[in-house]
Amino acid sequence: MTLSTFSFPTVTVFGAGAITELPQRLKNLGLSRPLVVTDPGLLHTDAFRLLELALGKEGRDTNWKIFSQVHPNPIEQDVVNGAAAYRAGGCDSVIAFGGGSALDAGKAIRLLIKRPDCDLSKFDWRDDWYGLAPCICVPTTAGTGSEVGRSSVIILEKTKKKSVLFHPGLLATLVLLDPELTRGLPAKLTAATGADALTHCIESFTSPVFHPLCDGIALEGVHIIIQALPLAYRDGNDLDARGKMLVAAAMGAIAFQKDLGATHSLAHPLSTICGMHHGLANALCLPFVMKFNAARKPGLYRRIGIACELDIMGVSKEEADERTIEFINDFLYQLGLRPGLRNYDVTEAHIEMMVPQAYADGCHQTNPIPVTESDLRDLYFQAL
Ligand SMILES: [Fe+2]
């Protein structure tokens with residue numbers, strides 16, 4: 001038997017108004033001079049106004065500093081500049097505020113705060129990266145769940161490729177999940193980010209890694225998303241649904257300690273080569289990967305279907321999979337995530353460029369069925 005490590009250590013404060021806890025929580029942690037790390041688009045949102053209100057607008061640039069230059073897909077220079085802003089501001093902590101990009105950048109700049117001369121292209125997770133600057137993660141989208149993750153995805157200067165910097169020391173000190181902050185998220189983004197969370201739950205549940213704790217979290221995550229995402233999509237002000245989606249997104253990311261599957265390997269090049277939103281890319285590939293997997297491992301999706309409240313206990317393995325996949329397909333369609341890569345300007349030429357990258361991507365290593373490069377090409381063409 002191989003050894004497993006189960007770990008769920010992030011303190012999380014959940015609920016509408018959680019952001020107002022920030023000053024007291026900082027005080028409790030002995031912190032007085034945080035650097036807010038975010039992206040420029042967020043500065044004009046209601047979510048940012050709520051953060052300013054919590055931290056005290058008058059204290060901006062004196063009691064708290066801001067670095068708001070994070071790119072939509074964070075690059076190494078964001079990490080370098082963020083760490084420089086931290087040092088110049090004499091900061092003692094990071095508040096990573098925003099979607100996955102801001103959270104990833106905020107978590108990662110602490111690496112260069114600890115070791116300013118570190119070459120991120122040579123980052124080694126076996127090095128001692130514990131004792132990083134305290135970090136409070138505050139998501140403003142419900143999808144990536146980066147706030148509870150132990151890694152940051154950064155495009156490195158040398159390779160120009162997205163690299164996963166993984167170390168348990170990257171975990172946030174504290175997470176605030178406040179649905180008031182996701183209220184303003186447009187329906188389209190609500191759907192796409194929610195589809196990412198759904199994909200995390202489905203792919204982590206079906207990953208063959210032994211982690212029954214994560215399996216339970218993944219199934220409940222699916223159940224919550226199936227209920228809450230359509231409500232949050234239709235009415236952005238439904239705080240109950242918004243809150244449930246924030247929790248489900250965190251659950252998806254906790255569950256994918258088990259790692260993901262082929263959908264994510266197909267989705268990553270769709271973002272880097274075609275510029276597609278990560279959640280949308282997952283939504284367009286997920287049903288095809290599910291069909292591929294189910295054909296080779298019948299019954300794989302029965303418990304996902306049950307989590308979706310389908311009455312499939314007594315049916316054959318094949319029927320359970322078929323009805324679950326049909327349900328997921330329809331669910332995504334109802335959220336405006338219309339299938340067909342072609343509808344989003346993806347071409348056959350793109351696919352040829354994407355296949356090697358998808359195959360080089362590590363996520364499919366934990367797909368329930370091993371995939372070849374040619375399988376990935378077939379899947380792209382099916383999704384086209
Ligand atoms: Fe994802």
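Predicted model: local features only at pLDDT ≥ 70, side-chain atom pairs only at ≥ 80, totals over all residues.
Residues are numbered from 1 along each chain as its sequence is written, and side-chain values use heavy atoms, with hydrogens and water left out.

Let's stay with that first pair. The axes of α8 and α9 (residues 278-296) come within 8 Å and cross at roughly 140 degrees. Helices here are DSSP runs of H or I with at least four residues, numbered from the N terminus; axes are lines fitted to C-alpha atoms over the stretch in contact, with angles from 0 to 180 degrees between N-to-C directions. The two helices are therefore oblique to each other, given that under 35 degrees counts as roughly parallel, over 145 as roughly antiparallel, 65 to 115 as roughly perpendicular and the rest as oblique.

The protein donors of the iron ion are D196 (OD), H200 (NE2), H264 (NE2) and H278 (NE2), 2.1 to 2.2 Å from it. Donors are N, O and S atoms within 2.8 Å of the metal (3.2 Å for Na, K and Ca), and since water is not among the atoms, sites may look incomplete. In sequence, the spacing of the donor residues reads D-x3-H-x63-H-x13-H. H200 sits in helix α5 (residues 187-206) and H264 in α8, so this pair ties together parts that are 64 residues apart in sequence.

Now look at another partner of α8. The axes of α8 (residues 262-272) and α12 (residues 348-360) come within 8 Å and cross at roughly 130 degrees, which makes α8 oblique to α12. Here S265, L266, P269, L270 and T272 of α8 touch M354, Q357 and A358 of α12.

Finally, follow α9 to α11 (residues 317-334): their axes come within 10 Å and cross at roughly 175 degrees. These two are therefore roughly antiparallel to each other. On the α9 side, A283, L286, P287, M290, K291 and A294 meet D321, T324, I325, I328, N329 and L332 of α11.

Terms used
Contact = heavy atoms within 4.5 Å.
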